[in-house]
Structure formats: C-alpha cells, structure tokens
Amino acid sequence: MPKKSGINRMHTVRLVQDSDYKSWTPTQLGNYISERGLAGYGEMFQYNDIDGSVAHAITEEDLDDMGVDGLADRLKLLEILGSLQRAHEQLDREKVIWEGEEQLYDSLCHRLIKTWCGCFPVDLYYYTLTKSHLTLKKTENCRCGPILCCGAANYIVDNIDLSHVTDVDVEGTPPPICIQLCCCCGNTLEHVIVRNKDEDDTKRLSLKKGDGVEVARKIK
C-alpha cells in the first residue's frame, strides 16, 4: 500500500490554477498524484502511459483494472482527477472571449457637444464576456471638470448570468442626418439588447457598427 503523506494545499491551488491538466504528460500527471499523497499510484499512471488528455475519463473500474485494490484509494484518486476536471471547467467558463468599451458618440461633433468640448467627460462602461457571464463595469471618477481628483471612486459592476438570457437583439442607430449631410462624418452605433428571465431587467450595450452583431452572436 502506498505511503500516505500530507497535502500542500497552497501548492495544490497554484498548480490547478496555473496549469491546463489536459496537456500534461504521464510524468506530470503522475507527479501531481504523487504530491497528493499517493506516490505509488503516481508511478502506476506513468507506467500505464495515462496523460492529462484521458485523465478525466478514468472510472473506478479502470482503477481496479490498473491494480488499485483499496476502495478508499480508488475514491481518493477519483476525487483528485475530479478536482482537476472541475478546475479546468471553471477556468474554461471564466476565460474571456471578448472585451469592449461603451460607445456613446456617433461622431466627434457629437462627443464635443455632449462633453462641452471635453470639459465634462463621461465615464464609460467596459464590457467583458466569458462563456458563462457578461460583465458591465463602470468607474464613476470624481472630477473637477476634466481633471481627475484624488481619492477612491465609486464603481458599478453588473454581472449577467448567460444561462438566464432569453433573447438578444441588435438595433442600429445612424448619426443625425444633419451630421451626415453637413459634416460628411458620423458612425452608426449598434445597441445590443440583452433580455433575461426577469423581463424588467433588460441590459443595453452600446457599440460601434459591426461589434454589436458580433457580440450578440457570441452571447447566443
């Protein structure tokens, strides 16, 4: 029976967070198991050439076939492999697939008017999309005109669980006709409307043309 030893929990957290176990070699996977207090079984994984790409598929019957006789040791090995899979799934859910910045102005003229030629800038929302959540964050800075003041700032963070999203639409808003005719400039803004199960809780993302359609496709 392999000798049991203590688990360095801080090392465990660092290793799980910093590594993608599915790319591990049999030696890396075996070392990980050995460091969890099951040294003899780590060598067994290396001997059977089991690497990270198949570790998540190991069953109790597989462990029995490999010669892991004790039920307690089989359960411990399954828990170790299961924790790797859960950590991988969490990292995959939290992986950022898109980031963007709120677009409030359809032209330079529009921006100058709304901010009094930059004297009163407006704080923007910043958007982050992962596989599981859409996050809208805005920092409300304290300013004296355009100058940032010292001190802490208020902030808003709105997390949207994508599993609750029921519909995503995109509305395009062109610049006013006067801007188009007189200034020969201006850009269409796209507004992504995100609706969830709570019909009263609808979110709007303001983006430049093209980005709205792309993001709506990713959210869906």
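I began at Leu29. Leaving out residues up to four places away in sequence, I found that Leu29 touches Trp24, Phe45, Ile50, Asp51, Gly52, Ala55, Leu81 and Leu84. Contact here is heavy atoms within 4.5 Å.

I noted the ground rules next. The model is predicted, so local features need pLDDT of at least 70 and side-chain atom pairs pLDDT 80 or more, while totals for chains, interfaces and linings use all residues. Residues count from 1 along each chain as its sequence is written, and side-chain values use heavy atoms, without hydrogens and water.

Then I looked up the largest nonpolar core. It has 19 residues, and Leu29, Ile33, Tyr41, Phe45, Leu63 and Leu77 touch the most other members. Such a core is a set of buried Ala, Val, Leu, Ile, Met, Phe, Trp, Tyr and Cys residues joined through side-chain atoms within 4.5 Å. Buried means under 20% relative accessible area, with a 1.4 Å probe and protein chains only. Helices H2 (26-35), H3 (39-47), H5 (60-66) and H6 (71-94) each give two or more residues to this core. H6 gives the most, with four. Helices are DSSP runs of H or I, at least four residues, numbered from the N terminus.

Last, I checked H2 against H3. They pack at an angle of about 165°, axes 7 Å apart. Axes are lines fitted to C-alpha atoms over the stretch in contact, and angles run from 0 to 180 degrees between N-to-C directions. That makes H2 roughly antiparallel to H3, a label for angles over 145 degrees. Residues of H2 including Pro26, Leu29 and Ile33 meet residues of H3, among them Tyr41 and Phe45.

Definitions and conventions: Buried means under 20% relative accessible area, exposed over 50%, partly exposed in between (1.4 Å probe, protein chains only). Angles under 35 degrees count as roughly parallel, over 145 as roughly antiparallel, 65 to 115 as roughly perpendicular and the rest as oblique.
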